[in-house]
Amino acid sequence: MTSNTFVKNVEHESAIKHVTGRAIYTDDISEPRNILYAAIGFSPVSKGIIEKIDFSEVLKSDGVVDIITEGDIEGQNDVGPIFKGDKIFTSKKIEYHGQPIFAVIASSTKLARQAILKVKLKIKKQTPIITIEDAIKKKSFVLKSKTIKRGKSSSAIANSKHRVSGKLECGGQDHFYLEGQIAMTIPQEDNNFLIYSSTQHPSETQQIVAKVLNQKFNSINVKVRRIGGGFGGKETQSFLFAAISSIAAKKLNRPIKLRIDRDDDMIMTGKRHQFKFDYEVGFSDNGKINGLKILMASNCGISADLSGAINDRAIYHIDNAYFIPNLELTSHRCKTNTVSNTAFRGFGGPQGMFCIENIIDHIAHHLKKEPSNIRVQNFYKKNHNNITHYGMKVEDNIIEEIFNDLKKKSNYTMRKKEIEKFNNSNEILKKGISITPVKFGISFTTTHLNQAGALVHIYTDGSIHLNHGGIEMGQGLMTKLALVAANEFGLDIKDIKLSSTDTEKVANTSASAASATTDLNGGAILNAIYNIKLELNEFIKKNYKTKKITYKNGKIICDNKILQFKEVIANAYLNRIKLYSSGFYKTPKINVNVKDLSGRPFLYFAYGAAVSEVIIDTLTGENKVLQVDIIHDVGKSINQRIDIGQIEGGFVQGLGWLTTEEISWNKDGNILSHSPSTYKIPTAAEIPEKFNVEIYKKGFNREKVVNRSKAVGEPPFMLAISVFSAIKNAVINKNQDSKIINLIAPATPENILKSINNEI
């Protein structure tokens, strides 16, 4: 038995180290004495053929030791995670702006970067495919298109009293993590290599590098204590940098560090997928959807990377919180001459939800009805209309309760009337308000990734050591898992130590992604503790003659006896009781038919709702978020302080995606937004003046996950769709007579003005 009581407001385990600068990241690790530094030379064009490369001036540069090209790769010249197509270096064919051609190894990072500029490249330029439209026209796809059908959408639309159609577009997004891409590879004895990498996926880093070096997996060890943000951008994109540092380390038998400049990072690494949608929907007088047809196309970039699973998740979340009785959706995965797009918080879910929420707004605008009422009309219900278009039953449906509770607590109806009064008396400034829901599925949709391992050690002084496959990237994972272990042993969190994630300690781990990291690794830790307690509890019962055992407040309570935990552990060791164990967890109940996407891809859903109020300047297109109210479901919270931080942070990052963060290319396919001066993430100025966040008080996960909690990494991101809907509402309030309101995301001042002037 355990105390089953979490201290819910423990601070992040590295909080003080973060703010004092003592937290150790890859670039802070002490460097070996004979280390060298690398820099990458990449293509300045998006498509072409290399006719000549002249390295002569590069080799003459100060500090240069060597140049690494594809000829130095002993194994595979590819870091593709699932499908091939992500070359490390190219010597002939250029397929995107930023494609690596070579790396310079020098005595300092500065000298390596300076030397790269001296290369002489002769490239015969070719016409690139840049847009989704061009890719579809030329049938350029990274993977086969997919179609999912439910019912008879065409006849349902045709027989509906009301029908509308439209187009939608949401842009990409750069991950803009605080710590850029970096790797340091150190040769060991017997041709083994130790890699420190800022990665969300140490095990796959190990496997990819081994294949690149043409070695066994067990010759590569990857260690990660923490990374400075990832958001999906270090799930697969980090492999390239670990591979290049390792190729050079093996060739020169010297430690190599490769730290990427911010501009180069933004040029060379993939983004969130841009999506475009064409839709047609039929509905009744009260706004109930009868049938829906959608053509969904995403810009995947030059290779598949994780685009298959990302687009599948967009399909899974096209319904968000709504029951759609008849649906036909076709998904195109477009290949363009841009850097390969990749995982990003929400993994396609935000794009799918963006689509359906805009369709709901279109229905409301057409019927001249309150959008929140149309949303409630279409919600999944608890006892009927609760089967998704992919065949999964929505069992823990609490969205209507959260939605209505938030509508009441935020004074939505009263504020709506006040906004009408404001708009009637202001010609230039217009306000808008919207409330939108979130229903987000939790689990990797690639079933085999839903597994985790852990090691738990009890030392003879009663202190605990944990190791697992999860990556701390600022989200508070280590704090939550330390609380899990502390709770099971009835100890203080200070008695728990977590070490670096290490492929030598826990093998074959999954990426820290899909919001499932606490569920998976927490489950593995609980399993390890269970294994320890099997023998330990038998010893306690026999040695202390007790039947009932409770771990609490650093003590073990045995019937009427109160024993010190550390004294019992010391005694158990003397009696040769095993005080360590591995643990394993695999997510139950999930199954997917990969051909038609049917089945149960998720263990459970996380829910939330947000009300956003905005004001726009109709002359400049500028906007300001005035107030945000959120109620979000995290199940039974493990740590409320961390969960609220994740809700706030996720919302603000979503706000950036939909309002300020615009990725742009020139006509030749070269990315233009590759620095803080040309790419605008949200700042303190964009934070809502009033920001009210509440954890759903009745939260409880019906599935048997850690503490009956729910994932909180990705779901809050989609709450920001309420801001986009509110901006669109403000535009509607300006152009009340307009039949069509088109607004492209991100809703930059330029795009808002175009929408006001009906230029989209």
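Contact here means heavy atoms within 4.5 Å, and helices (H or I, at least four residues) and strands (E, at least two) are DSSP runs numbered from the N terminus. Axes are lines fitted to C-alpha atoms, for helices over the stretch in contact, with angles from 0 to 180 degrees between N-to-C directions. The model is predicted: local features need pLDDT of at least 70, side-chain atom pairs count only at pLDDT 80 or more, and totals for chains, interfaces and linings use all residues. Residues are numbered from 1 along each chain as its sequence is written, and side-chain values use heavy atoms, without hydrogens and water.

Four strands form an open sheet in the order S19-S18-S17-S24, with mixed pairing; two strands pair if DSSP finds at least two bridges between them.

| Element | Residues |
|---|---|
| Strand S18 | 464–468 |
| Strand S17 | 451–458 |

S18 and S19 run parallel and are joined by three bridges. In this pair, Leu466 stands opposite Leu498 of S19. Helix H15 (residues 517–543) lies across S17, S18 and S24, at about 140° to S24.

The structure also holds six cavities of 30 Å³ or more. A cavity is a set of points on a 1 Å grid over the protein atoms alone where a 1.4 Å probe fits but cannot get out, and lining residues have an atom within 4 Å of a point. Grid points are joined across faces, edges and corners, and volume is the space filled by probe spheres set on them. The largest cavity has a volume of about 190 Å³. Of its 16 lining residues, Val79, Asp86, Tyr96, Gln237 and Leu240 are the closest to its centre.

Methods. 1 Å grid on protein atoms, 1.4 Å probe; cavity = no way out; pocket = protein on both sides within 12 Å on 5 of 7 lines; lining within 4 Å.
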